[in-house]
Amino acid sequence: MQIVLATHNRGKMEEMSAILGHLPVELLTLDVFPEIGDIPETGNTLKENAFIKAETVHRLTGLPALADDTGLEVDALNGAPGIYSARYAGADATFDDNCQKMLKELHDIPIEKRTARFRTVIAFANGGEKEWVEGVAEGRIIEDKRGIGGFGYDPIFYYPPLRKTFAELDSVEKNSISHRGKALRNFCGILEKWI
């Protein structure tokens with residue numbers, strides 16, 4: 001069974017492939033379909049955006065498609081950036097741009113009030129079949145970047161149980177506790193039934 005991962009993000013592809021790799025499926029990425037460019041995320045929720053991507057890729061390829069949308073929700077910012085996490089510092093923002101804007105916004109906020117969570121929704125589309133799952137990782141935003149791994153907000157997202165940022169974790173550690181890892185493991189149960 002072939003499944004298209006609806007992303008061009010190499011970090012996401014590696015995480016998803018690592019967690020789904022034990023299943024008897026061939027995972028393709030959008031790199032195999034260069035005619036599919038960036039898909040506008042016009043939804044109002046992570047779930048809507050994930051389904052927009054999954055359904056678009058399924059329609060254009062005719063193959064089952066798996067998409068995720070992830071947001072960082074910071075309590076001191078009333079849940080922002082949320083669905084705008086990837087473009088928090090602007091449409092063409094880099095990962096570092098987004099982190100720097102976040103650190104600037106929280107500059108005067110004490111560490112105990114910097115609670116935050118990563119939330120991932122994974123959507124699957126295959127003909128009339130539609131499924132979705134969610135995963136959440138709780139932590140807080142620290143005052144300076146730490147670590148060289150991961151991507152996105154990982155260098156400033158501190159995970160208290162391990163006393164490390166996500167960027168300080170190796171891929172096995174991160175996949176075992178991350179929002180995307182939890183969502184993908186939830187999805188594995190659904191996918192195993194179909195296979």
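Colleague: At what angle do the axes of helix α1 and helix α5 cross?

Modeller: This is a predicted model, in which local features need pLDDT of at least 70, side-chain atom pairs count only at pLDDT 80 or more, and totals for chains, interfaces and linings use all residues. Residues are numbered from 1 along each chain as its sequence is written, and side-chain values use heavy atoms, with hydrogens and water left out. Helices (H or I, at least four residues) and strands (E, at least two) are DSSP runs, numbered from the N terminus. Axes are lines fitted to C-alpha atoms, for helices over the stretch in contact, with angles from 0 to 180 degrees between N-to-C directions. Here α1 (residues 10-20) and α5 (residues 179-194) have axes that come within 10 Å and cross at roughly 40 degrees.

Colleague: Which residues of α1 and α5 meet?

Modeller: Contact means heavy atoms within 4.5 Å. From α1, Lys12, Glu15, Met16, Ile19 and Leu20 meet Arg180, Gly181, Leu184, Arg185, Phe187 and Cys188 of α5.

Colleague: Is Ile122 buried or exposed?

Modeller: Buried means under 20% relative accessible area, exposed over 50%, and partly exposed in between (1.4 Å probe, protein chains only). Ile122 is buried, at 1%, and belongs to strand β5 (residues 115-126). Its C-alpha atom is separated by 5.6 Å from that of Ala67, 55 residues apart along the chain. Beyond its neighbours within four places in sequence, Ile122 has contacts including Trp132, Arg180 and Leu184.

Colleague: Which residues of helix α3 are buried?

Modeller: In α3 (residues 95-105), they are Asn98, Cys99, Met102 and Leu103. These buried residues pack against β3 (65-74), β4 (81-82) and β6 (129-141).
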